[in-house]
Amino acid sequence: MKRLIGAHMPTAKGMAQALHDGKAIGCDCVQVFTTTPMQWRGKSISEEDAAAFRAAVPEAGLGAVASHAIYLLNLASPDPELLEKSRTAYLQELERCRLLGIPQAVVHVGKHMDSGEDVGVQTLSESIRAVLAESPKEVAIAMETDAGQGTCIGHHFEQLASVLDANKGHKRLTICLDTCHIFVAGYDIRTAEAFSKVLDDFDRVIGLDRLTCLHANDAKKPLGSRVDRHAHIGDGEIGMEAFRFLVNEPRLAHVPIYIETPEMETMHEENVRRLKSLLA
């Protein structure tokens, strides 16, 4: 099985072109935004654009594609208006994914906004249940592990496991693990031994079969800081050894890896190269 390593690619030149651009810098898989990430109003996808995107996946020889939902979503919000707006926007994201043939949409699960972590997890679970009921069956929900900034939830594996349990382990409910996020949330992954222990914990609490994508990002801030600042591979507080383990760990061989490192226009190619250079 080929190890899929790629990047989140800009779509300014068109979504289909983003896939070809990804291949040009060495990507085996590509993640994209299907709409502007800082606007509620999502763009519509024409049949022509959808067909071009679908065709570009095999043309670029990509082994996987994923989308990332807009940053404004808060599926754990205690504010009824914001909560409904978030659920609607994520449903729209999943529908765009269906049209484009993208099998999963990564999402930051949200903030409890001082309602408390337990209440936030409960609200999130209800949001996921509502979205699962109304969304296309072809697209999975990939809940991303969080850094734990402010009142964000999802920074403990147990919180995400609670959402899975509340939704009876629905087959379309999966996890995206971000290395920067889990590190600053307090999971030490700086050595192969430490990273292996974290994977053991993840498997025990959630199950590695639920892990469907990885975000490979080094961290500018230290272990447990709960501050989300991505760094180039090997240049941050995590260091290169963790990423060597990541790309060579057999238990993760089935999971596509996407970098979301800074300066994508100039450094994505270098960060993809760094990850691939670590392959045994």
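Me: How do the residues lining the second largest pocket divide into nonpolar, polar and charged?
Reply: Bear in mind that this is a predicted model. The lining of the second largest pocket has 5 nonpolar, 1 polar and 4 charged residues.

Me: OK, and which residues line that second largest pocket?
Reply: The second largest pocket is lined by M9, P10, A12, K13, D21, I25, M264, E265, H268 and E269.

Me: Which helix gives the most to the lining of the second largest pocket?
Reply: That's α9, residues 264-277, which puts 4 residues into the lining.

Me: What volume does the second largest pocket have?
Reply: About 190 Å³ for the second largest pocket. The largest pocket comes out at about 590 Å³.

Me: Let's go to the largest one then. How many residues line the largest pocket, and which lie nearest its centre?
Reply: The largest pocket has 27 lining residues, and Y71, H108, D146, H181 and D228 are the ones nearest its centre.

Me: And by class, what does the lining of the largest pocket have?
Reply: You get 11 polar, 9 nonpolar and 7 charged residues around the largest pocket.

Me: Which residues line the largest cavity?
Reply: T35, Q39, W40, G42, I70, A89, Q92, E93 and R96 line the largest cavity. By class, that lining splits into 3 nonpolar, 4 polar and 2 charged residues.

Me: Switching to helices. At roughly what angle do the axes of α3 and α4 cross?
Reply: The axes of α3 (residues 80-100) and α4 (residues 117-134) cross at roughly 40 degrees, and they come within 10 Å.

Me: Why are α3 and α4 called oblique to each other?
Reply: Angles under 35 degrees would count as roughly parallel, and 65 to 115 as roughly perpendicular. The α3 and α4 axes cross at roughly 40 degrees, so the two helices are oblique to each other.

Me: Is the crossing of α3 and α4 left-handed or right-handed?
Reply: The α3 and α4 crossing is right-handed.

Me: Which residues make the contact?
Reply: From α3 you have L83, R87, Y90, L91 and L94, and from α4 there are T123, E126, S127, A130, V131 and E134.

Me: How do the residues of that contact divide by class?
Reply: The contact of α3 with α4 has 6 nonpolar, 2 polar and 3 charged residues.

Technical notes. Residues are numbered from 1 along each chain as its sequence is written. This is a predicted model: local features need pLDDT of at least 70, side-chain atom pairs count only at pLDDT 80 or more; totals for chains, interfaces and linings use all residues. Side-chain values use heavy atoms; hydrogens and water are left out. On a 1 Å grid over the protein atoms alone, a cavity is a set of points where a 1.4 Å probe fits but cannot get out, and a pocket is an open set with protein on both sides within 12 Å along at least five of seven lines; lining residues have an atom within 4 Å of a point. Grid points are joined across faces, edges and corners, and a volume is the space filled by probe spheres set on the points. Ala, Val, Leu, Ile, Met, Phe, Trp, Tyr, Cys and Pro count as nonpolar, Asp, Glu, Lys and Arg as charged, and the others, Gly among them, as polar. Axes are lines fitted to C-alpha atoms, for helices over the stretch in contact, and angles run from 0 to 180 degrees between N-to-C directions. Angles under 35 degrees count as roughly parallel, over 145 as roughly antiparallel, 65 to 115 as roughly perpendicular and the rest as oblique. A crossing is left-handed if the near helix is turned anticlockwise from the far one by less than a right angle, and right-handed if clockwise. Contact means heavy atoms within 4.5 Å.
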